[in-house]
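Hi everyone, thanks for making time.

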Amino acid sequence: MQRSNFRSTFISLLNARSYQAPYYRLGQSGRFVVLLAGMILGFSATGQTLLDLSVGTSSQDNFNVQVAVRQQFSDRLQVGLELQAGSPQYRFVGAQVMREGYSYAASVPLAFRLAKEKKIQLYGIGRLGARFQGIIDPDENDMRDSILASTAIIGELGLASGFRVGEKITLQAGLSFPLAYEVSPNALFEYTWTKLHFGGSWNSPRTSVFLHSNVGSALGASGDTYKYIWSLEVGVRYTLGNAQNEPFQFIQTSF
């Protein structure tokens, strides 16, 4: 009888409109980030956790900042959560150019080692997430112009390789195909591009310093968006906790 009373009381609390924990007051994107972060960090006992911090510039942004937590579940599989914020210099909302405003993205990057031969490693890479961008007050009338905000689904598939040079230096190169599909305010295929990425890192047992460069031709929205995209990124990787697996020499580039 006591167990039944406890159960009914607990259910009534969950269903009560007055019950609003901070998690439920978050928007959908906020809940998405909290759930993924909790999921990834919660598996820290089954692998090693890597923290990547980087800054960069690109044809899309004056500057951007990336924070990524990656869980390496084995010496072959790595899954992460990456958050990106940028200061736009050339982006699009509904295929219309925006040169100022805001840009945020949350994505889940995946890397899987396909083969290893002495100092060379081959990886399959992927990514799925969401991007939010727009102009807050483009006509300077002190009103938020929500019509000029967009939400898009982003994704990426590709291959990359890493090559160890000596004990501490790793060079890498790859080819992938990122894309963005705008779902609001319009439903349109915003862009895709052929992304060639090159870079390298200097590695110590617990820290890596890396440099990436991405370049390639792009198309989308019937020719009304990008024709060419480039980016440059520099950052540092920290190994958190005790190293339990052979570390990935490959460092996945940001979207």
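Before anything else, one term: two strands count as paired if DSSP finds at least two bridges between them. And please keep in mind that this is a predicted model.

With that term in hand, look at S12 and strand S13, residues 207-219: they pair in the antiparallel sense, over eight bridges.

Okay, zooming out. The protein chain has three helices and 14 strands. It has 255 residues, and 41% of them count as buried. Now take the contacts with a separation of 6 or more: 58% of them are between residues 24 or more positions apart.

So what sits inside? As a general idea, in soluble globular proteins nonpolar side chains tend to be buried together. Here, the largest nonpolar core has ten residues in all, including Phe-92, Ile-154, Trp-193, Tyr-226 and Phe-255. Take Tyr-226: leaving out residues up to four places away in sequence, Tyr-226 touches Gln-60, Tyr-90, Arg-91, Phe-92, Tyr-191, Ala-218, Leu-219 and Gly-220. Apart from that core lies another one, of six residues, among them Ala-111, Ala-160, Phe-248 and Phe-250.

Let's stay with Phe-248 for a moment. Phe-248 is in the segment after S14. Is Phe-248 buried or exposed? Buried, because its relative accessible area is 6%, and the cut-off for buried is under 20%. Skipping neighbours within four places in sequence, its contacts include Gln-72, Leu-77, Ala-111, Tyr-123 and Arg-237. Also, the C-alpha atoms of Phe-248 and Gln-121 are separated by 9.4 Å, and these residues are 127 residues apart along the chain.

Now the outside. The chain exposes about 13,900 Å², and carbon and sulfur atoms supply 63% of that. There's a nonpolar patch on the surface, with about 1,000 Å² of accessible area together; its members include Leu-53, Phe-63, Leu-211, Tyr-228 and Trp-230. Strands S1, S2 and S14 each supply at least two residues of the patch, and the largest share, six residues, comes from S14. Tyr-228 lies in S14, and Tyr-228 counts as partly exposed because its relative accessibility is 48%.

Most residues other than glycine have a negative phi, and most peptide bonds are trans. What is the phi of Ala-95? It's positive, about 65°, although Ala-95 is not a glycine. Ala-95 is in the loop between strands S4 and S5, and with 17% relative accessibility Ala-95 counts as buried. Lys-118 also has a positive phi, about 55°. That residue is in the loop between S6 and S7, but Lys-118 counts as exposed, at 75% relative accessibility.

And then there's the peptide bond between Ser-184 and Pro-185: it's cis, with omega about 5°. You'll find Pro-185 in the loop between strand S10 and strand S11.

That's my tour, so over to you for questions.

Conventions. Residues numbered from 1 in each chain as written. Predicted model: local features only at pLDDT ≥ 70, side-chain atom pairs only at ≥ 80, totals over all residues. Heavy atoms only, no water. Helix = DSSP H or I, 4+ residues; strand = E, 2+ residues; numbered from the N terminus. Buried < 20%, exposed > 50% of the residue type's maximum accessible area, 1.4 Å probe, protein only. Contact = heavy atoms within 4.5 Å. Areas by Shrake-Rupley, 256 points an atom, 1.4 Å probe, with all protein chains shown as cover. Patch = residues over 30% accessible without salt bridge, like charges linked within 9 Å, V, L, I, M, F, W, Y side chains within 5 Å. Salt bridge = Lys/Arg side-chain N within 4 Å of Asp/Glu carboxyl O. Core = buried A, V, L, I, M, F, W, Y, C linked by side-chain atoms within 4.5 Å.
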